[in-house]
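Colleague: I would like to learn how to read a model feature by feature. Can we walk through one together?
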Amino acid sequence: MYKKMNFRLLSITLGLAVATLLPGCGLFNKKGSASEKANRRGEVTGVPKRESWQQNLPIDMVPIKAGTFWMGQSDEDIAYTQSSMNKQITISEFFMDKYEVSNNKYRQFLEAVKNGQLETGTPTTLKEAPTFNLDELKPDTTVWSTSFSYHYGDPLMEFYFDHPAFDNYPVVGISWDQAKQYCEWRTYHLRANDESEYDMTPFRLPSEAEWEYAAKGGKDVAKYPWGGPYLKNKRGCLMANFKPGRGNYIDDGFPYTAPVDVFAPNGFGLYNMSGNVSEWVLDAYAATSSAITWDLNPVYDDPNEPRKVVRGGSWKDIAHFLETSTRTYEYEDVAQAHIGFRTVMTFIGRSGSMDVKSAKRRKR
């Protein structure tokens, strides 16, 4: 008798569990088929059974949430350029490289082109592999001698890009055109090896507004990525790799560039947004661009203007160029020993907030 009662209770419990769980799995649930039936009756309910999609966070990138900030001078315009007037700007979500592109990451690009590895995988949208000229992609290592007058840069010219000792240092000697081609390759490399049916958005250079917003690290107004107004922390240590004083290059610990992961990151987790190497951005340069661009995701795109904006200051620059709002430029086909870059990716998920976390990356 006792065994029969236990068996009945067990049967009832299992029945309740099945009745509870199966509808959640889609069984005995007519909701999924209701839209199909409605469609057959001439209603419009959308294409049924569409695959869900979530944008993955690529390795060594951080999510930058949307926000509004004051773009422009955070302190006195000591150069009197009047090219960085204050303007309130809103920026949509995007992903940004945590570090400047290193020698070794750029070398992967060259090796892929050299070895013909652009046919790997099956890209979904980019049907054909991009074409590159290897000789036109190599960094100009002579910049270590030609960028400066009467400077002994021969050791760096010989070893900086090729030697393993500098693998984790930022790549330099790269023109704006070469940086854009790296973005094109990185986009293909991801799409060709990703198993998702839908493509990730392409890698690209950041717009000038995106760069400044990211550099401020979540602060509405910030003279430097760490806030400011001082160049040293409480322990008296310099916060970036630049030219302190009148030429005491070694005072920050590095006479030239530093590894891409040294010095403290800003509020968004980005390293070396000021100092180390200046960075190419997407915009063409114009002193009046702030007045003529929109205040939502602005970008000054002028293909007829050969001058492209460079941001962030470098190991050879004084503190003024480290300010988050200081603007300068270089010609798009010119490479220098103090200019590198980092990439970004537009986020196309839920507007207003991100459903990805930098600490927990969804696996493919």
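Modeller: Let us start with a cysteine. Cys 183 has a relative accessible area of 3%, so this residue is buried. Keep in mind that the model is predicted.

Colleague: Which class does Cys 237 fall into, buried, partly exposed or exposed?

Modeller: Cys 237 is partly exposed, at 36% relative accessibility.

Colleague: How many disulfides does the model hold?

Modeller: A disulfide covalently joins the sulfur atoms of two cysteines. Here the count is 0.

Colleague: Let us step back to the whole chain. How many helices and strands are in the protein?

Modeller: The protein has 9 helices and 10 strands. Of its 364 residues, 44% are buried. The exposed surface comes to about 20,000 Å². Carbon and sulfur atoms supply 54% of that surface.

Colleague: What share of the contacts with a separation of 6 or more joins residues 24 or more positions apart?

Modeller: That share is 74%.

Colleague: Now the interior. How do I read a nonpolar core?

Modeller: The general idea first. Nonpolar side chains tend to be buried together in soluble globular proteins. In this model, the largest nonpolar core has 33 residues. Tyr 106, Phe 109, Trp 280 and Phe 341 have the most contacts inside it.

Colleague: Which elements give two or more residues to this core?

Modeller: They are α3 (103-114) and α7 (176-193). Helix α7 gives the largest share, 8 residues.

Colleague: What does the side chain of Arg 191 reach?

Modeller: The Arg 191 side chain reaches the backbone oxygen of Met 200, at 3.0 Å.

Colleague: Next, sheets. How do I read strand order and pairing?

Modeller: Strands of a sheet pair through backbone hydrogen bonds, in a parallel or an antiparallel sense.

Colleague: Last topic, backbone angles. Which phi value does Asp 60 have?

Modeller: Asp 60 has a positive phi of about 60°, although this residue is not a glycine. Look for Asp 60 in the loop between α2 (31-40) and β1 (61-64). At 26% relative accessibility, Asp 60 is partly exposed.

Colleague: And where is Asn 297 found?

Modeller: Asn 297 lies in the loop between α9 (289-292) and β7. Its phi is also positive, near 50°, and Asn 297 is a residue other than glycine. With a relative accessible area of 34%, Asn 297 is partly exposed.

Notes:
Residues numbered from 1 in each chain as written. Predicted model: local features only at pLDDT ≥ 70, side-chain atom pairs only at ≥ 80, totals over all residues. Heavy atoms only, no water. Helix = DSSP H or I, 4+ residues; strand = E, 2+ residues; numbered from the N terminus. Buried < 20%, exposed > 50% of the residue type's maximum accessible area, 1.4 Å probe, protein only. Contact = heavy atoms within 4.5 Å. Areas by Shrake-Rupley, 256 points an atom, 1.4 Å probe, with all protein chains shown as cover. Disulfide = S-S within 2.5 Å. Core = buried A, V, L, I, M, F, W, Y, C linked by side-chain atoms within 4.5 Å. Polar contact = N/O pair within 3.5 Å; in protein donor to acceptor, adjacent residues only side chain to side chain.
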